[in-house]
Amino acid sequence: MNVSKRGYWPVLLASMLLIGLLAGCGGGNGNNAAVNNGGGNEAAAPQTGEGETTGDGSNPVNLRLYTYGTEEAYNWKHTLQAYEEANPGVTIELVQLSEKGDTQEASKKLDLEAASSAQMDILMFSDAAGYAQRVALGMAEPLDEFIAKDGYTVEADYKVDTHLDGKVYALPGKFNPWYVLLNKNHLEEAGLAVPSDWTWDEYADYAKQLTMGEGANKRYGTYFHGPQAGGWMEYVKLMMLNQPQNADFLKADGSSNMDDPNFRKTLELRLRMEKEDGSSVPYTDMISQKLAYRTQFFNESASMLTIGSWMNTEIGGTDKVPLNFNVAVAPFPKNNPEDETGLTPVTTDYVAVAAKSKHKEEAYQFVRWYTTEGQIIQGKNIPAWNGVKSEEIAGIIDTILAGTKKPEKVDKDSLVNTLMVSKASAIIPPSSYQAEVYKAINEEYEKLILGNQDIEATIKNSQERVAQIIESNKK
């Protein structure tokens, strides 16, 4: 990425240098992170230096894996044991950066470790922003030579393309695409099939047919949980998100993407569904009543919900949100019938080799294994790896749904099929001023949806404000 154009990086680099000095004064030896080695500790798994040998003359290798993932969520003990058994002489020492799985806490501790003299071999980042930021800081090793040697490409082997400025610094682990949850009972009442491939126009038509009643008892066809306070911005770029490239308000070089025609089309879609069709829950209700997307769907106030597949663990119902109807799942809609099916916003784990690792080859071999076969052995998430067969995904889904109250009410085939066709658009490294951009666009959208300005003014004002933000952040 072009670091020179992003004012954030110099500030962060300076902060990292200061942290390094402080860590050095404190004798930073890698012990300031909580370490869990499958029930042991650092003393039980000492680091092996270069040239030391085991009794049979082989060189043992100890790799340190830094993660925010908890044992409960990632099944680490079983997963790492499987790798060590298949790779004698290699041990994986787990460094858990947050006992709660808190990604913000983990990121802070990871940066402290990076600035110290601690051994680091494998790094896990929880989001595209964290991945891009730490690549810019030089924390991750390029993997292109390893990948070329193994004879595959990230684009072909994974559903998430992890390239940054033409290089690959991490491979994707889990795969959490956005999709559409549907009340299957409502579909059957309306004579509608569960979609396996559809457009936003068809989505709007479904929502219109599913809307019933008036006033306080009205049932809406769909609920959009944003935008709000500069967050949940997916809901104001719905028709930008299913593009292979430039799926955000800013391009990869930090320039404006506000002239994308699909921004206008998204605004037109939202206006039509709320103001003309009356098929989506009013924006004013969402804001004034502080509505929750889970209750809107599970209380049957809305028949469809566009949301992330982190909901897999809840769609069968929970103690807090019971399920009293049948649920189906459909892919994220596309813009035109001829467009590629399944392009959608995706969250994943970015698993990287630390730039300062002394065992980069061994670390890469673990990263490749973990993001392929290891995901199946772990059995906690849907893998981003394309080598997973549908029956293997079905088995993982069975395990996930078994943790819900009424898994039998979930149309598993529609869920598996949706996950199989879903894929991510290219990563756009976030700019330091991205939050400002989101806030400005959110404010302009509110003026539109509340009737204070038309689409033309909304687009014009959004373009001008984003241009001003970019200009003010130039160095």
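Welcome to a protein with 18 helices and 15 strands; helices (H or I, at least four residues) and strands (E, at least two) are DSSP runs, numbered from the N terminus. This is a predicted model, in which local features need pLDDT of at least 70, side-chain atom pairs count only at pLDDT 80 or more, and totals for chains, interfaces and linings use all residues. Residues are numbered from 1 along each chain as its sequence is written, and side-chain values use heavy atoms, with hydrogens and water left out.

**The protein overall**

- Of the 475 residues, 53% are buried, where buried means under 20% relative accessible area with a 1.4 Å probe and protein chains only.
- Among contacts (heavy atoms within 4.5 Å) with a separation of 6 or more, 75% join residues 24 or more positions apart.
- The accessible surface is about 20,300 Å², and carbon and sulfur atoms hold 49% of that surface; the areas come from the Shrake-Rupley method with a 1.4 Å probe.

**Helix 17 and helix 18**

- The axes of helix 17 (residues 434-449) and helix 18 come within 9 Å and cross at roughly 165°; axes are lines fitted to C-alpha atoms over the stretch in contact, and angles run from 0 to 180 degrees between N-to-C directions.
- These two helices are therefore roughly antiparallel to each other, a term for angles over 145 degrees.
- On the helix 17 side, the residues in contact include Val437, Ala440, Ile441 and Leu448, and on the helix 18 side they include Ile455, Val466 and Ile469.
- By class, this contact has eight nonpolar, three polar and four charged residues; Ala, Val, Leu, Ile, Met, Phe, Trp, Tyr, Cys and Pro count as nonpolar, Asp, Glu, Lys and Arg as charged, and the others, Gly among them, as polar.

**Helix 10 and helix 18**

- Helix 10 (residues 261-276) also meets helix 18 (residues 455-472), with axes that come within 11 Å and cross at roughly 140°.
- Phe263, Arg264, Leu267, Glu268 and Leu271 of helix 10 touch Ile455, Glu456, Thr458, Ile459 and Ser462 of helix 18.
- This contact has five nonpolar, two polar and three charged residues.

**A look at Trp200**

- Trp200 sits in helix 9 (residues 200-210) and is buried, with a relative accessible area of 0%.
- Leaving aside residues up to four places away in sequence, Trp200 touches several residues, including Leu238, Met239, Leu269 and Phe332.
- The C-alpha atoms of Trp200 and Asn336 are 8.1 Å apart, although 136 residues separate them along the chain.

Conventions:
Buried < 20%, exposed > 50% of the residue type's maximum accessible area, 1.4 Å probe, protein only. Parallel < 35°, antiparallel > 145°, perpendicular 65-115°, else oblique.
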